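Biologist: I have this one open and would like to go through it piece by piece. Can you put it up on your side too?

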Amino acid sequence: MIGKSIKKIAVSTLVALTVSPAVFAADANAQIEDILSQLTLEEKAGQLNLVDFGGEITEERYQLIREGKIGSVLKSNGAAQNLKLQKVALEQSRAGVPILFQEDVIHGYRTIAPVPLAEAASWDLAAIRQSAAVAAREAAAGGVQLTYAPMVDISRDPRWGRILEAAGEDPYLSSLIAAARVKGFQESGSDKQNILATVKHFAGYGDTVAGRDYSISDLSERELQEIHLPPFKAAVDADVAAVMVAYTAHDGIPLTANEYMVQDVLQKQLGFKGLIMTDWETIPNLSETGVTANDEEGVLVAINNDIHMDMQSQKYVELLPQLVRDGKVSIDVVDDAVRKVLRLKQRAGLLDDPLGRFDVDLEKQELLSKENIAATKDIALKSMVLLKNDEQLLPLSLADKKVAVIGPFAKADRDLIGWWPGLGRAEEVTTIWDGLQQEFGPKTDFTHAPGVSIDRFKKVGKELIPQAVKAAEDADVVVMVLGEQFWMSGEGGGTASLHLPGLQEELLAAVAETGKPIVTVIVAGRPYVLTEVAEHSDALLMAWMPGTTGGTAVAEILSGKFNPQGKLPITFPYHQGQVPIFYNHKMTSHVYAPGLTEDRYTTTHRDVQHEPLYPFGYGLSYTNYQYGDIKLSNSKMSMDSTIEASIKVTNTGKVAGHEVVQLYVHDKVASVTQPVKLLKDFSIVDLKPGESKNVTFTLSAEKLSFIGRNYKPTIEAGDFKLFIGASSANVKESAFTLTK
C-alpha cells in the first residue's frame, strides 16, 4: 500500500528540510513519482476526481473511496468526520493515497467576516490578509486543506449577484487584494494553520450580460489584458496553489476547452505551473453549450487542455481510463495531471502526515475564538463606508433619548453573513438591534418596527408602514436598517432592478415625512441605487453584509467609538440606467458634460446627470481633511529614474482620523486610447485633530505602462496628468513629462 510508503518517504523529506532547497525539491519529486508509479490507471483517474460530500455520507461514497475513485472531497467539514474519511482512504483502499478536503471558505469558515466586496472597501491590505488568515486557521482546524478563494473577477455591473465576492471595479486595487488574500490563506500561520488557495474564475467571468450568471459574454483581447488578467497575475505571483476556470467562454470558446486561455495565457503568459480545476460540472457543460457532442468528447477536450481536476461531474473517473486504452488520450497527459494533484497534497502536508490535520480539540479552541472574533470585528469596522452625514448627525449621542429602530433588517441575523456563510450560524450573529442595545445601554429607550416585509418579486407588507411611522413620531432619532436578504445576491443572485427590494423606499419616504433625524444603514452585498434613500436620510452608512460581528461594528460606528474610514471600491450609480458605470472609462471624442445640458452632442444621458451618486474611492469620516497642492520633485522623469509626488494632508476636525490618500494618473497621448484616470497607488495615513502629514508617492516609468498595440506591456514617453485626493472625483491635479 502506498500509505505505508508515504511514511517512509516522509522521513527523508523532513530531513531534506535541513539540507538544500535543491535536495528537498528532488526528494519531494521522488515522493510523488514513487506514488504515481504504484497507481493503476483507474486509481490515477480517481485522483483527478473531486466529489461533493455535502449532507449524509452514503455507503456508496465510502465504497468509491475504497475503490480509489475519489481523490478529493468538497463540502465535508469537521475534524472528526474528515479524519474518519481519511482513515478509509489510507487503510481500506488499495493505494492508500490521502484525500484532499476542499471547501468554499469565501469570507470566513465559522467566524464570518464581511463579504469580500466589503473588505475591499477597507483598502487595508494587512486587515484583509488577517481576515483570510482567520478563515484559514478555522478551516484548517475543521479538517479542510483547500479553499475556492479568492475570487478576483472584475465586474462593473452591480446587477451581477457575485459582485459581492469581488474586490470592485479597479484592476490595481483588486490585484493587491488578490495577493493579500492568497498570502493570508497560505502563509499567515504555521503549516497546520494554513490552507491552499484557488484563484477563480479564470477569466472574464465578471463581464456579465445584464448581470446574469453563467451568461456567455465576448470581451475584447484588450479588455481581457487590461482589466481582467492583472488580479490573476497577482495571485499567480503570490504563489497561489490552484486556478479554477470559469463557466463562461472567451472568444466563443468555453474556458474548459479554451487552449488559448489556459495554455497560452494562464500557463505561458502568467507563468502558472500549478493545478487547474473545473468549476462545478463544467465538463458536461461543454455539451450543454453545444461545443462538444457528448461527455466523452468533453473529457477528451478538457484533459488535453491541462484541466487537471474534475469537480463533481465524475466524468474523468468514468471515461478517462477507456480513452487511454483506446489511444485517444496519452497516459503521459494523465500522469501529469495526477502529479499536479499529488503536489497539492504534498504541499498541504498530507503526504508526510496524512492524519495530523484532524484535531478535534484544536477545532473546538479555534472556531469562534476571541482572537478570531476580534479580527473579524476589526475588518467589519474598517469596511463600512459613511456616504452621507448632514449636519454631523453622526456620531449619535443617545443618552435619555428615544430611538426608533425601523426596517426589515434591524433584527436580521442570517442576512448579515451573506450567500457564502461557510459554517457560520445565524444564532451566532450579533444583530444590529442587539449591537445598538449593547453599545448605548439602558439609558436609551429603543423601540422596533419592521416597517415592511421583503419579497423581491412583489411589494408586500404595506400594512406595517403606519406602525413604523408611529414609532418614528414618538422617537427623537430614527435608525433605518434597509437592504437585501442573503439569497438576493451571491451566485445566481442577478437582479434587473437596483432599487431596494420590496417597499423599503416607500417606507423610508413615509418615515421621512415625520421630520425626525434619520440614520439609514444599508445591509447588502452590492451597490444599490440609493439616490432616493440618500435624499430621505440625514446620514447614510453602507454596512454591506458585515458578518458575525456586524451588529457590534455598526453600533460602534454610530456611537463614534470607531471613526468610519472605508472608501468605495466600486461606483454607486445615480440611476440604474447608467450601469455599467465606472471611474476608469476611456477617453472619447465627445465630452462627458456634467449634469443635464442642452448640448446633445455629448456622451451624456439626456434624462439624468452623468455623474454617479457616489464615485469610486469615496467615503466620509467624522472629521474633515484638507489637501494641499501637489509638489513634484521634478517635472520630468526619464525611463530609468523616478520622481516623488508629495501632498500635505491636514485633519481639520476634532477627532482622530484614518484617511486613504489616492493617486491617479492619466496618459495624455498614447498609441492606444487611455482611461481618463487610473489608480496607481494609495497610502493610508493616521492624523490626530489639527495634525498635518506629507504623503509622498514614488512614480517610476513602470507605473506608467499600459497594454500596447501588440498586447504587451508598453511604456511611451509623453505628458501625463497626476491626481491625488480623497476619491477618484475629488483630487488635486499636477502634470509631468516622461522623457525618452
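Biologist: Start with E391: does it count as buried or exposed?
Modeller: This is a predicted model, to begin with. E391 counts as exposed, because its relative accessibility is 73%.

Biologist: Where does E391 lie?
Modeller: E391 is in the loop between β11 and β12. Its phi is positive, about 55°, although E391 is not a glycine. Most residues other than glycine have a negative phi.

Biologist: Which cis peptide bond involves P395?
Modeller: The bond joining L394 and P395 is cis, with omega at about 0°. P395 is also found in the loop between β11 and β12. Another cis peptide bond joins V579 and P580, again with omega of about 0°. P580 lies in the loop between α21 (550-559) and β17 (625-627).

Biologist: Back to β11 and β12. What is the strand order in their sheet?
Modeller: The order is β11-β16-β15-β14-β12-β13, six strands in an open sheet with mixed pairing. β11 (385-389) and β13 are the edge strands, each pairing on one side only. From one strand to the next the twist averages 15°.

Biologist: How do β12 and β13 run, and how many bridges join them?
Modeller: β12 and β13 run parallel and are joined by five bridges. V403 stands opposite F446 in β13.

Biologist: Which helices sit on that sheet?
Modeller: Helix α17 (residues 432-440) lies across β12, β13, β14 and β15 (518-523), and runs at about 175° to β13. α19 packs on the sheet as well, touching β12, β14 and β15, and its direction makes about 170° with that of β14.

Biologist: And α18, which of its residues are buried?
Modeller: In α18 (residues 465-473) the buried ones are I465, A468, V469, A471 and A472. They are on the same side of α18, because they cover an arc of only 160° around the axis. Their cover includes β12 (402-406), β13 (445-449), β14 (477-483) and α19 (504-512).

Biologist: What about α10, which residues are buried there?
Modeller: M261, V262, V265, L266 and Q267 are the buried residues of α10 (residues 259-269). Their arc around the axis is only 165°, so they are on the same side of α10. They pack against β5 (196-202), α9 (221-237), β6 (242-245), β7 (249-250) and β9 (275-277).

Biologist: Why would residues three or four places apart point the same way?
Modeller: Because an α-helix has 3.6 residues a turn.

Biologist: Change of topic. At what angle do α7 and α8 pack?
Modeller: Helix α7 (residues 125-141) and helix α8 (residues 171-187) pack at about 35°, with their axes 7 Å apart. The crossing of α7 past α8 is right-handed.

Biologist: Which residues make that contact?
Modeller: From α7 they are L125, I128, R129, A132, A133, A135 and A136. From α8 they are L176, I177, A180, R181, K183, G184, F185 and E187. By class, the contact of α7 with α8 has 10 nonpolar, one polar and four charged residues.

Biologist: Which way do the residues of β3 point?
Modeller: In β3 (residues 100-103), L100 and Q102 point one way and F101 and E103 the other way, and all are buried. Strand β2 (residues 72-74) pairs with β3 in the parallel sense over three bridges. S72 stands opposite L100 in β3.

Biologist: Now the sheet with β26 and β27. How many strands, and in what order?
Modeller: Five strands, in the order β19-β27-β26-β21-β22, form an open sheet with mixed pairing. β19 (636-638) and β22 (678-687) are at the edges with a single partner strand each, so one side of each has no neighbour in the sheet. The average twist from one strand to the next is 30°. β26 (residues 718-727) and β27 (residues 730-739) pair in the antiparallel sense over nine bridges. L738 in β27 is the bridge partner of G718.

Biologist: Last one, Y711. Where is it?
Modeller: Y711 lies in the loop between β24 (706-707) and β25 (713-714). At 38% relative accessibility, Y711 counts as partly exposed. Phi of Y711 is positive too, near 65°.

Biologist: What does Y711 contact, leaving aside neighbours within four places in sequence?
Modeller: Y711 is in contact with E221, R222 and Q225. Y711 and Q225 are 486 residues apart along the chain, and their C-alpha atoms are separated by 7.3 Å.

Key
Residues are numbered from 1 along each chain as its sequence is written. This is a predicted model: local features need pLDDT of at least 70, side-chain atom pairs count only at pLDDT 80 or more; totals for chains, interfaces and linings use all residues. Side-chain values use heavy atoms; hydrogens and water are left out. Axes are lines fitted to C-alpha atoms, for helices over the stretch in contact, and angles run from 0 to 180 degrees between N-to-C directions. Helices (H or I, at least four residues) and strands (E, at least two) are DSSP runs, numbered from the N terminus. A crossing is left-handed if the near helix is turned anticlockwise from the far one by less than a right angle, and right-handed if clockwise. Contact means heavy atoms within 4.5 Å. Ala, Val, Leu, Ile, Met, Phe, Trp, Tyr, Cys and Pro count as nonpolar, Asp, Glu, Lys and Arg as charged, and the others, Gly among them, as polar. Two strands pair if DSSP finds at least two bridges between them. Buried means under 20% relative accessible area, exposed over 50%, partly exposed in between (1.4 Å probe, protein chains only). The arc is that of the directions from the helix axis to the C-beta atoms.
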